[in-house]
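Me: Let's go through this model. Structure first, please.

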Amino acid sequence: MTMTDDPPALAEPMRDEGVARHPQKRKRVRNPASWVRGGGLSNLIFLAPMLIVFAVFSWGPIVQSVVMSFQKTNLVTPAVFVGFDNFAKVLADPNLGTAIVNTLYFAGLALVFGFPLPIILAVLMSEVKRGKGLYSALAYMPVVIPPVVAVLLWTVFYDASPNGVFNVILGSFGIPPQPWLQSSATAMPSIVIEATWAAAGGSIIIYLAALIGVPPELYDAAEVDGAGIWRKIWHVTLPQLRGVLFIMLILQVIATSQVFLEPYLFTGGGPNNATLTILLLIYRYAFQNSLGGAYGEATALSLMLAIFLGILSFAYFKLTERWSTN
Amino acid sequence: MEHQLTAGVPTDLSRIERPQMSVKKSKRRESLDDLADRGVLSGFDRKRPGVKITMSAVHVVLLVGLVVAGLGPILWLAKAAVTPTQDTLRQPFALWPHGIDWANLSTAWNDIHIDQYFLNTIIIALGSWFFQVLVATTAGYALSILRPKYAPILNGLVLATLFIPAVVLLVPLYLTILHPPIIGTSMLNTFWAVWLPAAANAFNILLVKRFFDNLPREVFEAAKTDGAGPFRVFWSIVLPMSRPILGVVSVFAIIAAWKDFLWPLLVLPDPAVQPLSVRLPAVQSQTELDVFLAALAISTIIPVVLFLVFQRLFLRSAGLGGAVKG
């Protein structure tokens, strides 16, 4: 695996390296030969892959995004510094309000449906005595299906004709066919249902792992105090999970506010921009722009979203700090 | 969140990883079911008639629900893949009223060139896996075991990228691919454009470093006294000991590569190098429904088979993701 890195150092006498590492810590030697013998070179060789990929593909672009948000750049003409113009332009865009409302709507619906469901399922599943592996495998199955395949398959399920898969199921309960993705009223809830189905398995496995960590003595103690099943869940299970619950909640908010794949593939932001999310708007600025990529506006909006999420997470952790530590 | 990360990880890692290293296979299987000695319900609770009936009902509902939600869509897709379009549209739940159409599968494979996109997906997944493992192990080794004086600074810089939402990177990273530093020529339409950014993954480095931190130091000291240099220690001691964590990183890497949509969509505009996830939505409009569903089914096979074969590794990894998050 690291064959490319190996030869230069294997050629060196190994014994010297091993012995020389310790003295190096006591007296600081500055000349290159002892730096190599002290392990300085091999340290760098091991760090090189990380330093290169992070510098080029992570740290660099992060810095660049801040710079670019203050520039007008379309890759053809040289970049010009324009101050806060990009931010002003983005804030004046009438679509931004729609995108924010839609994203909040998606995040809110996903929270109401998608957050409690895996907790309930995990608590129930953890009470299963035999075949827990089968239950977990079944629950995790939707996570294994590639998201693109899942969305395309659900597009077929959401067929608005009376013979569509879901409409047939609803029909068997006597419910009239729904327009699903075709109407601006039902499009977003439809997307949320699919997203919840796709993500629940991952959360269930995480909660199951956390439930294993609940000390059984706590339940024994609660029983001695006369607690019933519901009080045990309320006073033992949930408080014991609160660390995981707090983290999962904010991670879900961060993830859902950056939703892209589902609205992009299901509806492309339609009908009538009813599913246009912030990330879709960023994508449109940068990559679906007939006037050439508005990279400055796109990065400005990304940066504003990131800063908002940063402040939100910070406030959230300050707020929950007191409750999450024992 | 930083507090949570540092506080949660070491204990959880050791809890989840250690048994892997010492306990034999047969025992491990049991432990999945038996880890929780008891949950909310006590033995006494389970014997109460009301609880007994409710729990049996809950089991049935849970199992049916999980089968419908977890297995249902996959089974329907498998059925629809070999069903003529008209049958799927008119009677989505009928089992082959007009016979099975096996030709869908071969049409999808040959005429829509699913074979080519399948190969591209595998190349992307394997390359991303290789570079992620290379970067994570070398960096983890350097930061945890070699530990030069500047290691904490680098570690901080890597961890910091965990708090940057992915959306910030989108546009500047895309421009980096168009105009990479030093090389000069665009990486657009090359697999490098997917492999290398995937390798800049702070989460992997965090996982591997935490694992290395928990390895017994004495082994490395002994090897050093026996004259092994840092490369020998890495290759012959650290890597063989880190198989459990490499399994976890591999699962994350391959799944992420198989799922990724937006990034390959941006940097691989040429259909000849596109993976399934990008190609499937593109061919949807020009493909007949039955053949398209066959293509979806083919794209799902590998992830599902991988999951069924490496089920425990998948579920352990998913739980571990939560352990690090929580």
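Reply: Helices (H or I, at least four residues) and strands (E, at least two) are DSSP runs, numbered from the N terminus. This is a predicted model, where local features need pLDDT of at least 70, side-chain atom pairs count only at pLDDT 80 or more, and totals for chains, interfaces and linings use all residues. Residues are numbered from 1 along each chain as its sequence is written, and chains are lettered from A and ligands numbered from 1 in the order in which they are written.

Me: What does UniProt list for residues 118-314 of chain B?
Reply: An unreviewed UniProt entry gives "domain: ABC transmembrane type-1" for that stretch; such annotations may be inferred rather than shown by experiment. Residues 118-314 of chain B are 77% helix and 0% strand, with the end C-alpha atoms 22 Å apart.

Me: And how many helices and strands in chain B?
Reply: Chain B has 18 helices and zero strands.

Me: Now α16 of chain B. Which residues are buried?
Reply: B:Leu276, B:Ser277, B:Val278, B:Arg279 and B:Leu280. Buried means 20 or more other C-beta atoms within 10 Å of a residue's own.

Me: What do they pack against?
Reply: In chain B, α7 (114-146), α14 (243-259), α15 (262-267) and α17 (289-309), together with α9 (147-157) of chain A.

How values were computed:
Buried ≥ 20, exposed ≤ 12 C-beta atoms within 10 Å, placed from the backbone. Contact = placed C-beta atoms within 7 Å.
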